[in-house]
Amino acid sequence: MENGMQLLNRDGHSISHNSKRHYHDAFVCMNRMRQRGLLCDIVLHVATKEIKAHKVVLASCSPYFHAMFTNEMSESRQTHVTLHDIDPQALEQLVQYAYTAEIVVGEGNVQTLLPAASLLQLNGVRDACCKFLLSQLDPSNCLGIRGFADTHSCSDLLKSAHKYVLQHFVDVSKTEEFMLLPLKQVLDLISSDSLNVPSEEEVYRAVLSWVKHDVDSRRQHIPRLMKCVRLPLLSRDFLMSNVDTELLVRHHSECKDLLIEALKYHLMPEQRGVLSNSRTRPRRCEGASTVLFAVGGGSLFAIHGDCEAYDTRTDRWHMVASMSTRRARVGVAAIGNKLYAVGGYDGTSDLATVESYDPVTNSWQTEVSMGTRRSCLGVAALHGLLYAAGGYDGASCLNSAERYDPLTGTWTSIAAMSTRRRYVRVATLDGNLYAVGGYDSSSHLATVEKYEPQINTWTPIANMLSRRSSAGVAVLEGMLYVAGGNDGTSCLNSVERYNPKTNTWESVAPMNIRRSTHDLVAMDGWLYAVGGNDGSSSLNSIEKYNPRTNKWVAASCMFTRRSSVGVAVLELLNFPPPSSPTLSVSSTSL
């Protein structure tokens, strides 16, 4: 090679060079050139501001500018372009972003930056603005953010903001933003099944506050608004002392009809299945998750007043507030967003007392006592009513039953069962109650009877395959399951289920552990068998049944061994309560 190096002739030999800083350094250089006005081929005019740039840079990152500069638009041949409907400061920040790939989104610029980014189709910046607004959601501003998201077609932010409004409705309804909402948006909110309210009283109060904010122009809307308030779910005291005495409500005949409907619902509890409509349906907050509560029970010579709850999302048990009374052989059921502990045994006497748990305040409060002392009773909820059947009063085995209405705070006797039953469990299926097995003071029972509220009558159905007292009873996918119990000779692990369509029982897979005095509950498509006694000791173990595979598998154990325990499930948005200890126990102890 003349005047050069002599290189070896090696076929295919080469070296690839890739500068990782090339793009960065090139854009830094182009941005400096932009700032100095070098090689700029476009000047953007917005209001009184002029912004110099390079068409190729703007077109490369913004579909809006790409279309402007590459299509047969007049702007493609111009060196000066005037933009409308965009904030000058926001445009300058977005042009800077085109060169640097960096932008700061904050309280001071998000409201101008988001529409500007939407116009220029800079979706990354638009998403960053939405992310910032999402982080700023608060009861005081969520309605404004929701409206802003709707205006600028930010569907994910709109959905999240709307969900936030529903979940924080009580606080939102007291804000100035809520008072300024148009009628349609108020109607949309208060008609939602997903509204998160501790009671329907909050919805009623929100409606009245909104109307009274501009009473002269809004009083005409009272009938439409009241149709969305679920008056039948208000307590009778509240209906009479607040709703019936409110002049704005009394002025409209349509509202009187709604009040009569609510009172009829209260006065005819046995007909609630027939009287059900959209105003009698409890609201269920979107985003709530199921939580299993284990209440009271006993172990060795101790009777428990403490309670714990299992969060399926985290596979953790949490201690929650203790009851005011120690209770074993207790009946537990859930109505709305409250848990009820009914009767039981405190170590000295059988109880008629009742208390309810409010997960929002993590506290128990005393309810009206039953007419009869009952331990080893069956308890279930149906159509917002609490039923207590059978049990033991300290002297004899009971066949009597009674019903509690939280709306009126009263217990009422209903028809007695045909058989005396203690250690009985009760479940609801297809609008009827089923009292399953038990002990009649002489023998363990295989008999089952069904209660129909509308005719106040118990009728026998097909006997179980086995005698069972202290069994677990629950309903899943239209079938009545009975697990474990005691047949008079031993503790059982066998399980059977009842098909109401054929009036027949069939066996399914047995539990892994023999259990009696446990409780059974359906949750998230599974059956959970909780605690109990295996014939020799109290249990803290849990197992769950999958009807699709017909198998039982172990679940995380409770803190405490609990026989004669009561279990129920609540749907909660915020769990666990603050400062509650947690436990995750290996399920291998099963």
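Tyr-340 stands opposite Ser-356 of strand β11, in a model that is predicted. The two strands of this part of the fold, β10 (residues 338-342) and β11 (residues 354-358), pair in the antiparallel sense over four bridges.

**The four-stranded sheet**
- Strands β10 and β11 belong to an open sheet of four strands, ordered β9-β10-β11-β12, with antiparallel pairing.
- At the edges sit β9 (331-335) and β12 (363-367), each of which pairs on one side only.
- From one strand to the next, the twist averages 25 degrees.

**The β1-β2 hairpin**
- Strand β1 (residues 42-46) and strand β2 (residues 49-53) run antiparallel and are joined by five bridges.
- Val-46 has Lys-49 in β2 as its bridge partner.
- Two residues lie between the strands of this hairpin, and Ala-47 takes a positive phi near 55 degrees.

**Domains**
- The domain assignment divides the protein chain into domain 1 (22-136), domain 2 (181-271) and domain 3 (289-572).
- Between the C-alpha centres of domain 1 and domain 2 there are 51 Å.

**The largest cavity**
- The largest cavity contains about 110 Å³ of space.
- Its lining is made up of Arg-329, Val-330, Cys-376, Leu-377, Tyr-423, Val-424, Arg-425, Ser-470, Thr-517, Ser-564 and Val-565.
- Sorted by class, the lining of the largest cavity has six nonpolar, three polar and two charged residues.

**The second largest cavity**
- About 40 Å³ of space lies in the second largest cavity.
- Leu-58, Cys-61, Ser-62, Phe-65, Leu-94, Val-95, Ala-98, Leu-120 and Leu-122 form the lining of the second largest cavity.
- Of the elements, α4 gives the most, with three residues.
- By class, the lining of the second largest cavity divides into eight nonpolar residues, one polar and no charged, whereas two charged residues are found in the lining of the largest cavity.

Technical notes:
Residues numbered from 1 in each chain as written. Predicted model: local features only at pLDDT ≥ 70, side-chain atom pairs only at ≥ 80, totals over all residues. Heavy atoms only, no water. Pairing = 2+ DSSP bridges. Axes fitted to C-alpha atoms, helices over the stretch in contact; angles between N-to-C directions. Domains from an automatic or database assignment. 1 Å grid on protein atoms, 1.4 Å probe; cavity = no way out; pocket = protein on both sides within 12 Å on 5 of 7 lines; lining within 4 Å. Points joined across faces, edges and corners; volume = space filled by probe spheres on them. Nonpolar A, V, L, I, M, F, W, Y, C, P; charged D, E, K, R; others polar.
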